[in-house]
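Please keep the sequence and the model in view while reading.

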Amino acid sequence: PYFFATEAHVFVRDDGHISARIRQENEIRLTNRLIVRPRLEVNLNGTADTAQALGTGLTDASISLQTRYELTRALAPYIDLRYDQKLGQTADLLRLKGEKPGSTTLNAGIRWLF
């Protein structure tokens, strides 16, 4: 409803590790050509995997806001601002390695459909 796109995925590895991802996004037309797309993604892990620096439970979340301008339906330059945050045991494992659990990125690109 309300044009929200929801995705839910469950992943099972050969060694029995189970993880899941939930993603929610929406496209909001400000004008006929200017579009804003907010997006939220959350990842969960069933068992700890220290080799990949993943704890159990909520491992990370990201929120992003993409703004694009459609020159044509097939060609649209965009700017995407994204914040990623590691959570729980995963954040603790990264801190032990001397890394920061959060990061912000700004991407620019062209969406080209062919």
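Is R82 buried or partly exposed? At 29% relative accessibility, R82 counts as partly exposed; the term buried means under 20% relative accessible area, exposed means over 50%, and partly exposed lies in between, with a 1.4 Å probe and protein chains only. R82 forms a salt bridge with D84, and their closest N and O atoms are 2.9 Å apart. A salt bridge is a side-chain nitrogen of Lys or Arg within 4 Å of a carboxyl oxygen of Asp or Glu. D84, at 21% relative accessibility, is also counted as partly exposed.

The model is predicted, so local features need pLDDT of at least 70 and side-chain atom pairs count only at pLDDT 80 or more, while totals for chains, interfaces and linings use all residues. Residues are numbered from 1 along each chain as its sequence is written, and side-chain values use heavy atoms, with hydrogens and water left out.

The strands come next. Strand β1 (residues 4-12) and strand β2 (residues 18-26) run antiparallel and are joined by nine bridges. Strands here are DSSP runs of E with at least two residues, numbered from the N terminus, and two strands pair if DSSP finds at least two bridges between them. β1 and β2 form a hairpin with five residues between them, and G16 in the turn has a positive phi of about 95°. β2 is also joined to strand β4 (residues 34-45), by seven bridges and again in an antiparallel manner. There, S19 has N45 in β4 as its bridge partner.

E7 and R23 form one, with the closest N and O atoms 3.1 Å apart. Because E7 lies in strand β1 and R23 in strand β2, this pair ties together parts that are 16 residues apart in sequence. E7 counts as partly exposed at 32% relative accessibility, whereas R23 counts as buried at 16%. R23 forms a further salt bridge with E41, where the closest N and O atoms are 3.0 Å apart. Since R23 is in strand β2 and E41 in strand β4, the pair ties together parts that are 18 residues apart in sequence. Both R23 and E41 are buried. A network of salt bridges links E7, R21, R23, E25, R39 and E41, and a search of the whole structure finds 13 salt bridges.

The loop between β4 and β5 contains A53. Although A53 is not a glycine, it has a positive phi of about 55°. At 11% relative accessibility, A53 counts as buried.

The largest pocket holds about 260 Å³ of space. It is lined by 17 residues, of which S19, L44, N45, Q52 and L54 are the closest to its centre; a lining residue has an atom within 4 Å of a point. β2, β4 and β5 (57-69) each supply at least two residues of this lining, and β2 gives the most, with four.

How values were computed:
On a 1 Å grid over the protein atoms alone, a cavity is a set of points where a 1.4 Å probe fits but cannot get out, and a pocket is an open set with protein on both sides within 12 Å along at least five of seven lines; lining residues have an atom within 4 Å of a point. Grid points are joined across faces, edges and corners, and a volume is the space filled by probe spheres set on the points.
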